[in-house]
Amino acid sequence: MKRDAAFKVMEAYAISQRRAYRLVSVDPKTVQREAEPDNPEVRARMREIAATRRRFGYRRIGLMLDREGITMNHKKLRRLYKEEGLAVKRRRGRKRATGTREPMPVPDGPTMRWSLDFVSDVFGPARRFRMLNVIDDYTRECLALVADTSLSGARVARELDCCIRLYRKPETIVSDNGTELTSRTILEWQNQTGIAWHYIAPGKPQQNGFVGSFNGKLRDERLNEEVFDSLAHARKMLALWQHDYNHHRPRSSLGGLTPAARRSLELSEGSAPGALANLQTMNYESVRLSK
């Protein structure tokens, strides 16, 4: 403290060092000698850890030091951390999962490419809930319409597993860059299943047009026409609308067929793996019935 006071007096009054030292009653040797940094071994080890663990702050570095038997007060640890000029650099943007950026293949059969997206609405006293929509891009069939107050990445993975058990594994899934769809859980699920995941470009919802068209029909025909009393009521009405959409509502893009009829037609024609075998016609003219 006296050393700092001596320097302030010298700057304020432009006096000599000897006179300033005498005014604040400090030994010149104490002022002129640079103080050596305390705990040089700890400082060196902190720099080593920070070099290899760039996203570790002083608290995590303290835990690493504690494992090595170096224990100190967290205030002192923070002081040493700041004096060494260490800091975790602030990220300017979140690194997003890119998935595959290759051009999407045009689906030529059922369960080749799925699209999924989220839609939100309210029930009761303005209680918000979300819906996960999964669409087959070829048949336009709604494979899943899941409503809940929270839909995490783990929940999305479970619902996709249910769809795979019912309709078999798709080759590609298309989605936006939402937080749930770029989470660690979804990335691990992609690696485990081997399904190619195509993320559309940010701000380009038209690249996911099939599910976008479905979302518009869902909101126009059901969400805007119904007031939901509870989550159970919303689930019931959405399930009824999903069945009607798949089995009764004609689609102009399918030539007036329903999505379920389009899938059945494709399966009967043998265009999908595991389809029914075509029946062989019998030449009745060559067959003579015995009397």
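Helix axes are lines fitted to C-alpha atoms, for helices over the stretch in contact, and the angle between two axes runs from 0 to 180 degrees between N-to-C directions. Two packed helices are described by this angle together with the distance between the axes. In the present structure, which is a predicted model, the axes of helix α4, spanning residues 40-52, and helix α5, spanning residues 58-67, come within 10 Å of each other. The two axes cross at roughly 115°, and the crossing of α4 and α5 is right-handed. On the α4 side the contact is formed by V42, R45, M46, I49 and A50, which meet I61, M64 and L65 of α5. Classified by residue type, this contact of α4 with α5 comprises seven nonpolar residues and one charged residue, with no polar residues.

A50 of α4, which takes part in the contact with α5, also belongs to the lining of the second largest pocket. The volume of this pocket is about 230 Å³. Its lining consists of 11 residues, and those nearest the pocket centre are A50, R54, R55, A87 and K89. Five residues of the lining are nonpolar, five are charged and one is polar.

A further site examined was N215, located in helix α9, which covers residues 209-223. The relative accessibility of N215 is 11%, and the residue therefore counts as buried, the cut-off for this class being under 20%. When residues up to four places away in sequence are not counted, N215 touches D117, V119 and N133.

Key
Residues numbered from 1 in each chain as written. Predicted model: local features only at pLDDT ≥ 70, side-chain atom pairs only at ≥ 80, totals over all residues. Heavy atoms only, no water. 1 Å grid on protein atoms, 1.4 Å probe; cavity = no way out; pocket = protein on both sides within 12 Å on 5 of 7 lines; lining within 4 Å. Points joined across faces, edges and corners; volume = space filled by probe spheres on them. Nonpolar A, V, L, I, M, F, W, Y, C, P; charged D, E, K, R; others polar. Helix = DSSP H or I, 4+ residues; strand = E, 2+ residues; numbered from the N terminus. Left-handed = near helix turned anticlockwise from the far one by under 90°. Contact = heavy atoms within 4.5 Å. Buried < 20%, exposed > 50% of the residue type's maximum accessible area, 1.4 Å probe, protein only.
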